[in-house]
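Welcome! Here is a short tour of a structure, meant for someone meeting it for the first time.

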Protein chains: 2
Amino acid sequence: MLNRVRSAVAHLVSSGGAPPPRPKSPDLPNSTSAPPAAPSQAPRSPPARAGSGSAAPVRTVEARASFSRPTFLQLSPGGLRRADDHAGRAVQSPPDTGRRLPWSTGYAEVINAGKSRHNEDQACCEVVYVEGRRSVSGAPREPSRGQGLCFYYWGLFDGHAGGRAAEMASRLLHRHIREQLKDLVEILQDPSPPPLCLPSTPGAPGSSDSSHLVGPQSCWSSQKEVTHESLVVGAIENAFQFMDEQMARERRGHQVEGGCCALVVVYLLGKVYIANAGDSRAIIVRNGEIIPMSREFTPETERQRLQMLGFLKPELLGGEFTHLEFPRRVQPKELGQRMLYRDQNMTGWAYKKIELEDLRFPLVCGEGKKARMMATIGVTRGLGDHNLRVCSSTLPIKPFLSSFPEVRVYDLTQYEHCPDDVLVLGTDGLWDVTSDCEVAATVDRVLSAYEPNDPSRYTALAQALVLGARGTPRDRGWRLSNNKLGSGDDISVFVIPLGGPGSYS
Amino acid sequence: MLNRVRSAVAHLVSSGGAPPPRPKSPDLPNSTSAPPAAPSQAPRSPPARAGSGSAAPVRTVEARASFSRPTFLQLSPGGLRRADDHAGRAVQSPPDTGRRLPWSTGYAEVINAGKSRHNEDQACCEVVYVEGRRSVSGAPREPSRGQGLCFYYWGLFDGHAGGRAAEMASRLLHRHIREQLKDLVEILQDPSPPPLCLPSTPGAPGSSDSSHLVGPQSCWSSQKEVTHESLVVGAIENAFQFMDEQMARERRGHQVEGGCCALVVVYLLGKVYIANAGDSRAIIVRNGEIIPMSREFTPETERQRLQMLGFLKPELLGGEFTHLEFPRRVQPKELGQRMLYRDQNMTGWAYKKIELEDLRFPLVCGEGKKARMMATIGVTRGLGDHNLRVCSSTLPIKPFLSSFPEVRVYDLTQYEHCPDDVLVLGTDGLWDVTSDCEVAATVDRVLSAYEPNDPSRYTALAQALVLGARGTPRDRGWRLSNNKLGSGDDISVFVIPLGGPGSYS
């Protein structure tokens with residue numbers, strides 16, 4: 001993410017009072033643990049099609065602020081130097097095109113045009129095996145293979161104000177998801193509705209029946225039906241939360257400066273879960289039709305949530321900001337005049353008499369890519385940013401940021417997919433200069449040039465999308481084919497085939 | 001609204017400390033003023049098609065808890081008695097079918113099947129003239145006719161826990177809208193963008209240019225473009241707010257018990273504004289296609305807003321409620337076990353260990369028509385309810401209710417409408433037993449039986465919709481043609497033709 005956080009503002013307070021790193025449970029992923037390729041964290045029972053080496057996780061980069069790329073790119077030291085060349089901006093893809101990642105997933109990336117020293121995008125692609133923690137019925141479960149669950153996982157992490165948060169999330173978020181799913185392994189494989197209540201300890205009886213109900217009121221005598229799908233959604237939501245909490249705990253010891261947007265896809269038991277926190281985007285292109293699978297979270301799209309928080313908790317505004325929005329900054333000489341405004345309840349505008357406190361900075365200002373919250377940050381959901389403060393102030397910004405993603409579910413079994421149907425994930429470097437329709441047109445153009453069973457076609461598509469957004473260097477910067485400025489940002493793209501030769505089918 | 005508020009719970013605290021009625025300005029509508037048919041409030045310059053008597057507003061009903069119906073129904077004392085007959089449930093429509101209301105609007109209603117003593121639905125249809133308050137430029141404006149604005153107005157108000165709030169809103173809300181629009185009369189008729197800032201007093205210069213901008217930051221150097229449309233939206237939003245504040249001020253003097261949902265349509269300068277606060281619904285049926293023009297606000301649809309408020313302001317829960325949602329009431333014996341829950345951030349579900357405070361009543365419980373907030377109320381937006389308390393408690397419910405509508409805009413000029421294209425407004429009495437598709441089918445069936453230029457066709461359609469939702473009396477209650485139970489609730493329906501013989505065109 002380019003300029004998402006005003007660099008003058010994103011200064012870090014290193015003297016915070018965070019407790020030392022302390023995993024929440026013995027099973028919890030730890031950023032200092034061995035790389036997840038080690039047997040205890042790697043997929044234990046990957047399905048036949050996904051080679052055990054095909055989804056090697058991102059390795060821990062120990063040196064701070066070092067330049068790191070996903071290990072699935074298998075960059076040599078020379079390749080790493082080329083990838084870090086802000087002048088050349090070479091497009092990188094995994095070698096052994098189309099066979100490296102599960103489902104023949106295509107991937108391509110390019111780094112920014114010198115706007116930040118190190119690449120702030122990170123990516124991850126994994127096949128993750130989840131072993132159940134214990135039996136739902138309370139009986140000790142035999143730890144045999146085959147009782148667990150596998151999920152496929154793709155993640156894009158777009159960092160800002162430093163690269164460590166994106167790097168940490170790319171290494172650990174899928175392990176938090178695995179952790180959240182451990183309790184659900186048996187439940188998700190049992191076709192009966194999930195039990196509402198589980199025993200606290202193995203062996204104790206559960207109480208999932210409705211005979212225990214009390215209360216004469218109709219609204220209490222019913223019980224909600226909770227689906228398996230909503231349990232997976234809840235697991236992903238909580239995994240984001242725990243990832244964010246881990247960053248808070250470890251921010252001092254591991255220099256987790258900055259924050260990152262996270263766009264994550266989980267395929268589990270026939271359904272695709274797309275979780276987005278930030279301004280990356282996912283779309284499905286199916287038979288030429290565009291199906292949006294995410295929405296962006298920015299000061300503009302989340303204006304009312306932010307204003308409501310500032311209104312209900314004025315102490316978070318520190319006397320420096322007003323929760324009201326004005327179409328531009330109010331001038332002191334306009335005191336007593338009437339200016340357009342809107343509050344947390346309004347979508348329209350009205351006039352109000354300007355009072356002294358309206359001269360404060362507006363909590364939300366600007367439009368489009370220039371929209372900012374507290375004049376500082378251009379995204380309102382994501383991971384990290386625990387040390388982010390308002391410029392020349394100790395006012396923390398984190399209380400306004402949400403680490404919760406919006407999760408959308410796409411049932412792969414509801415539609416017969418062809419090899420040209422794809423799920424495209426991209427960071428804002430792609431979408432800032434490329435519309436959904438342009439992406440769909442590129443999907444059609446590139447895939448029709450390859451045989452349907454050629455596994456390299458999705459990598460070629462990812463590369464075409466990245467190249468199309470980067471442009472080519474000309475006299476005055478990187479230019480697109482229409483001579484408009486290309487994206488000078490990091491650009492990272494996954495192309496996930498929904499009915500391709502290497503997919504689940 | 002039938003059973004929207006548990007009657008055992010909706011007890012009124014008459015000893016509240018509300019200040020005596022005090023209008024906010026000399027122009028503000030007052031519930032004790034003369035009926036709005038008087039010259040100063042009636043449309044001063046209605047367009048030719050709308051006869052001055054055709055949109056007579058609902059008259060003030062002075063006797064408390066008396067039975068009142070919209071004056072446009074022109075019910076005789078005998079007709080009023082028949083309308084109040086819960087056994088017969090006669091369908092009422094305005095006489096002089098199709099010529100009484102502007103645009104040949106159709107209207108029909110029926111009262112509930114004895115579930116409440118008096119009808120709690122109210123309706124209003126008006127042509128309202130707005131005279132500008134003063135010149136934007138500051139120069140005193142000549143108060144000549146023709147400089148003002150006219151808007152068409154339709155409103156449905158579905159009361160609960162008493163009929164006075166619905167009655168008051170039906171008499172006054174359009175006047176609050178007129179009041180909010182007074183400042184905008186010149187601005188809305190000027191094709192240039194609205195000024196961002198207005199002088200505080202006539203004659204003082206405005207400051208709408210951008211030369212006053214300060215601040216080097218890009219997010220402050222820009223100014224938002226505010227559309228005319230968004231000013232009208234803001235005016236309607238604030239009118240709802242002021243209506244609600246007036247109810248709060250006058251609740252003691254005028255016995256404004258209970259509350260009401262409000263669904264309001266404003267036609268102004270080529271656009272239709274549909275404002276909804278509650279669980280009424282508006283759809284457009286255009287060339288057979290259904291276009292939803294509102295959404296319902298209930299404890300289910302607003303769960304996260306309610307939970308967020310309870311989380312941020314726990315004092316509003318009074319130690320009696322938990323902001324967490326559980327699929328059913330938690331039992332004391334389940335302490336320490338793990339139950340499914342979701343908090344204000346989640347859409348999915350997860351397990352948590354039951355702690356003591358989880359045994360409190362859930363803020364939101366139940367599903368569908370049985371969903372309740374604080375075990376009391378089934379709608380979360382509307383007007384009034386200032387005295388509503390939780391059963392056996394002094395805990396106020398009002399802080400969780402919002403008086404702000406969601407406003408959707410439909411541009412009538414963007415499509416060539418035919419006489420069969422209609423906007424249908426209905427209270428939940430209609431929608432509880434009738435789907436959008438069934439309404440569309442009835443639109444097609446009824447309108448095709450009439451000549452396109454027959455003004456009575458829309459009244460016939462409204463009657464058919466009400467009859468179809470009421471059913472006919474049989475052995476075991478009112479039954480629909482499919483033998484399912486009909487709606488025992490009040491049912492009120494407006495059918496507004498978008499391209500009919502009497503419409504704006």
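The report below starts with the model, moves on to one chain, and ends with the pairing of the chains.

## About the model

This is a predicted model, in which local features need pLDDT of at least 70, side-chain atom pairs count only at pLDDT 80 or more, and totals for chains, interfaces and linings use all residues. Residues are numbered from 1 along each chain as its sequence is written, chains are lettered from A and ligands numbered from 1 in the order in which they are written, and side-chain values use heavy atoms, with hydrogens and water left out.

## Chain A

Chain A holds nine helices and 20 strands; these are DSSP runs (helices: H or I, at least four residues; strands: E, at least two), numbered from the N terminus. Of its 505 residues, 59% are buried, meaning under 20% relative accessible area with a 1.4 Å probe, protein chains only.

## Two copies, one axis

## Where the chains meet

On chain B, 68 residues are in contact with 68 residues of chain A (heavy atoms within 4.5 Å). There are four salt bridges between the chains, each a side-chain nitrogen of Lys or Arg within 4 Å of a carboxyl oxygen of Asp or Glu. One salt bridge joins D183(B) and R338(A), at 3.3 Å from N to O. On the side of chain B that touches chain A, α5(B) gives the most, with seven residues.

Terms used. Buried means under 20% relative accessible area, exposed over 50%, partly exposed in between (1.4 Å probe, protein chains only).
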